[in-house]
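Hi everyone, thanks for coming.

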Amino acid sequence: MHSPPEKEKAAFDAAWERLPSGYSEGVFDGYRYGVTVKRSDDGRRNSLFARDLAATDIVSFNLYRLESGETLLKPCEMSSEKVVRFVLGFTLAE
């Protein structure tokens, strides 16, 4: 799959926009993660790398926004479903 399922696209986009650029920490599925988000100046090339701070799980992907309006999600050696679930379920630490 190259983009989030259509029914999840709006929710994914909103959750993605809430993630700050740079390094932050938060919680996903009860585990604390360190997350690094990089965005190009024009917003078309984006990436996320997240690591479970107490174990070995990672989430990593590139996200491309094309001029046509299409979004391409390119997970790094994991399923698109895992990536979408992480972005939708991750909450920033307070």
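Arg-44 is partly exposed, with a relative accessible area of 31%; here partly exposed sits between buried, under 20%, and exposed, over 50%, using a 1.4 Å probe and protein chains only. A quick word on what we're looking at: this is a predicted model, where local features need pLDDT of at least 70 and side-chain atom pairs count only at pLDDT 80 or more, while totals for chains, interfaces and linings use all residues. Residues are numbered from 1 along each chain as its sequence is written, and side-chain values use heavy atoms, leaving out hydrogens and water.

So which residue does Arg-44 meet in a salt bridge? The partner is Glu-67, at 3.6 Å from N to O. By salt bridge I mean a side-chain nitrogen of Lys or Arg within 4 Å of a carboxyl oxygen of Asp or Glu. This pair links distant parts of the chain, 23 residues apart: Arg-44 is in the loop between β2 (31–39) and β3 (45–52), and Glu-67 is in the loop between β4 and β5 (71–75). Strands are DSSP runs of E, at least two residues, and helices are runs of H or I, at least four, numbered from the N terminus. Glu-67 is exposed, at 71% relative accessible area.

Now over to helix α1, residues 6–18, where Lys-9 and Asp-13 lie four residues apart, about one turn. Their closest N and O atoms are 3.0 Å apart, forming a salt bridge, and both residues are buried.

Glu-17 also forms a salt bridge, with Arg-65, at 3.9 Å from N to O. Lys-9, Asp-13, Glu-17 and Arg-65 are linked in a network of salt bridges. The total count comes to eight salt bridges.
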